[in-house]
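Keep the 3D view open as you read.

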Amino acid sequence: MEEPILHNFQLIGRKEERSAFQDLLSRMVKGEGSTLLVSGEAGIGKSRLIEEYRRCANEHARILHGSTDSSSLIPFEIFARALEGISNQPIFRKQEHTSFSHVFAVDGAGLLLAQASSEDYELDADIFAGMLSAVQGFVRDSFDLSDGKKSGLGRLEYGDKKIIMEHGQHIFLTAVFDGAEHKDMKQLVKETVKAIESDHGDILESWSGNMEKIRPIEVMVNYLANIKFLVKQKLEGATLETERLRIAGQILEIVTELSKEQPVLILLEDLHWAEESSLFVLNFLARNIRNERVMILGTLRPNESQILDTRLEKMIEDDLIIEQKLNALSSEEVVSLVSELFAENDLTEDFIKMLAGKCKGNPFFIIELLGQMVDEGSIGEKNGKYTLLSKEYSIPSSIEDVVHRKLERLEPNEIALVEYASCIGLQFDRGIMNSIQIIPDISSTLDKLASTRIFITYDDHIEFSHALFQDVIYQSMGSRWRYAYHKNLGDHYEKNHNQNLDNVIYELARHYSNSKEHSKAFDYCIMAGEKAESEFAPEQALELYRSALSAHRNLRQNTREETTVDLLETIGDLLDLVSEWDNALHMYDEAFGISNDKIIKARMLRKMGDVYENKGDFDKTLKVLDEAKTLLDDKASDEYARICHLEGGIYGKKGEREKGLAILQEGLAIFEEKGDSPRDIAIILRAIGLFHLRLGQFDPALDNYNKSLAIMRDIGDEYGMAAALNNIGVLYNEIGDSINSLEYHQRSMKIKEKIGDKAGISASLNNIGNVFYIKGELDKALESHHKGLIIKEKIGDQWGFAASLLNMGVIYVKKGDLDSAHDNYEKSLIIWERIGDKMGLTAALNNIAEVNLLKGDLDTALDFYTRNLEIREKAGNRKGCALTLCGLALTNIGLGNNEIALSQAKEALEISIDINAIPEEGKSLRVLGQVYRKMEEIAMAEDMFQKSLQRLEKIDSKNELIFTYYEHALLQIEQGQLDKARENLEKVLPMFQDMGMKLWEDKCQTALDGL
């Protein structure tokens, strides 16, 4: 008789799900990609269903399989595994290293003993000679051992090169580098000197000039010269977004290129364990595969990851995913499952119903329980059929309990091995199991475990048959054994990868941080955190730095205050970056409380101020910045200048621009006096330029922008260069110089294209579109906005997408294409409502109302204007209220509600005067003129139009002036003043033509033709 089938059995139920998958698969083959996520509780049958999907897809598509587990710390891991062996590009990492360009050792007399250059750098002979001469002079002046004193670490600068110097009793070691200094550089120089003195001091003591005798020193110097220090990335919001989009874009490019040969199915298992970086890529791919022969198929457990739940909610809103929620098996399906497991059986209907109820229809629960009942003899063969042999059985109350019951039947060595394996992860190389020392015969124990169905073994690796086994085993393990196993695994990785620890740094950090090896946990978590930052994964870096902080505090002895403060600050910076502002404030506040250094305390207050600014609490920002200033004794320090930079910006946001500008200039003066922070100087110059621009001081604004651009170019900061060029483009647009504006925006965009800043490219296209709009080149404006729209859709910038739709709608109105305008406005309205942006919502409502007014659908226009007014009044947007009231007045004129229109126009005028909004005042006066014209109060109408012209001509508001001239002309026609009307119409006709306003051009021409 055949053994019961406990793996690879026929799939039971799920007919609707399978049919839906087949449909999506067929569409994918035709070029309609999709993202299907299968969700359900542990053991519900996700993996079995996915295996069926995989079998169906195998003949149609190439399958890329990625997975992760709860213990992983590796950024982008699920996609790294999916693309393993597909691409050799360094997609997920953009690491930079620095090193000493040159290292040389001299004795007390300044005689050169040894020298070495890094392998990728050769020092020019003249530069070397000059530098050595400077060092030798320093040695002669300060290397005096006659009185027994020892000077500490020395520093020199030679041109743009920095020199670290350290001496021992017999030797002086000099290390040269360019650019930023890594925090470990000076310590390593110091340690090398100590090692030379310890190992070779006796040789140096009696050295007579024989170079062969000091060859070992040359070896040590050469080693120091070739050490590479990982440059810690300065993660900023724009950089992080740009790099993640770069990574996601490269993955999309690889996958779509593969799909040209054969459709591609990307299978991603256990997304509930995926980190933010992987979920970012998932969102990007789901948005961009809908017209490709690519399908994403994922599995997840609901309500296990807040990060995933938040992402899924947004993806569902954006209609990016299809979710299949797996429910428990019905009683009939449980009967089919039992029949599949036991081909010949006479298990009673009552038993199976009881089984279905107790196991809650969970397939894993049912299969494992039945397997255990067979192993225990409760179910067995009788008369050629499987039957219930004993009524003395119990059914565990939970799926976890059924796993525990299986574990209770294992032998001690087997328990030890599965516990050890659970510390490694869901799957692992077979060879790593040999690292456990307490089990004498690993191979034999593995063979025994294979029959328990806990492991699935392959030639080169082993994996848990279900994630529940690994999870339950790990959670139920005693802490003493857990610490020991993790230490053992850490030691294994450290020993077997000692030549390249970077390859296993995440494993070292994870295992040692889960052991009692606090010193190693601290070191490796710091290294892993820096690596995570360089891989643009601040969430993983946060977790690692927190582990480092915990390990540091557990060291008890030799815990340095400055290390704790440094870690708290680093964690705070990352929390600020990922917008966890309250937690960031807590970190900075704790660091402030611990440190006794006034500069550090002031810096923490400044960073707290920066967080308060992000939260929109400007008063708290100014309060902590004032406290920070009082702490600093040195009012000419970089830190004081940075406080001025932030403080000046806040006063600008509060409307106190003159005061803000003065504070910014104070900060600039400090930076320029010190001269060692060029990037800070460039950034504050740009801020000062913006203040001048807002104050209408265009020449000083341009001067500051150009200075900022020059500095950014000198230091090679391409982000800064692009920003400065953009600022200049905006300025030229403000003063009506469209030629220069276009040039600078295009130059800015070229840099953004070079660095892959997709969001920045889209913004530049938007700015370029606005320039073309003002020039009246509406087709070019539309083309530019449309290009930006495509990028915004691709990167998921919903706000930007909706804003571009609005911009394009305005252009369509000017072209007289009211239907296209209406379509764009309605699409933007849907997005604004979904993302909850009130300002965008009111703009869309206003524009839809305006289009309906122009089309003559007055009832619809009235409806939209009324909705808009309610929102703007509630939000306290008085300028917006004035504009909406103008629209309502015009609508009511058309409906014949002249008295209502008059009241609304007067209210709009009162608001405009009260808030000193001259463009809105000019518009309100024009609308009043239109109302009076409709009411045949000609004198009042004439007065209103004249006052409107006075206000608008005063501020040269061409966009509003042109309409007042036109409406005034219509009044003049009614009065019989045809020559004056012709003069006004002939004045505005070419203006409408130049601005591409086809609708109004036609109206104007019709009025002229009627004269």
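Start with Glu52 and Arg48. Their side chains form a salt bridge, with 3.9 Å from N to O. This is a predicted model. Both residues belong to helix H2, which covers residues 46-57. They sit four residues apart, or about one turn of the helix.

Is Glu52 buried or exposed? Its relative accessibility is 9%. The cut-off for buried is under 20%, so Glu52 counts as buried.

## A pair between two helices

Now move along the chain to Glu569 and Lys607. Their side chains also meet in a salt bridge, at 2.6 Å from N to O. Glu569 is part of helix H21 (residues 561-577), while Lys607 is part of helix H23 (residues 598-614). The pair therefore ties together parts that lie 38 residues apart in sequence.

Both partners are hidden from the surface by the same cut-off, under 20%. Glu569 is buried, with a relative accessible area of 8%. Lys607 is buried too, at 14%.

## A pair between a helix and a loop

Which residue does Arg679 meet in a salt bridge? The partner is Asp717, and the N to O distance is 2.8 Å. Arg679 lies in helix H27 (residues 678-694). Asp717 lies in the loop between helix H28 (698-715) and helix H29 (718-734). So this pair, too, ties together parts that are 38 residues apart in sequence.

Arg679 is partly exposed, at 35% relative accessibility. Asp717 is buried, at 13%.

## The wider count

Salt bridges can also link up into a network. Arg287, Lys314, Asp318 and Arg834 are joined in this way. How many salt bridges does the structure hold? The total is 53.

## Positive phi in two loops

Next, turn to the backbone. Asn916 is not a glycine, yet its phi is positive, at about 55°. Asn916 sits in the loop between helix H38 (898-914) and helix H39 (918-934). Its relative accessible area is 60%. Exposed means over 50%, so Asn916 counts as exposed.

Glu936 is another residue other than glycine with a positive phi, near 65°. Where is Glu936 found? It is in the loop between H39 and helix H40 (938-954). Glu936 is exposed, with 67% relative accessibility.

How values were computed:
Residues numbered from 1 in each chain as written. Predicted model: local features only at pLDDT ≥ 70, side-chain atom pairs only at ≥ 80, totals over all residues. Heavy atoms only, no water. Salt bridge = Lys/Arg side-chain N within 4 Å of Asp/Glu carboxyl O. Buried < 20%, exposed > 50% of the residue type's maximum accessible area, 1.4 Å probe, protein only.
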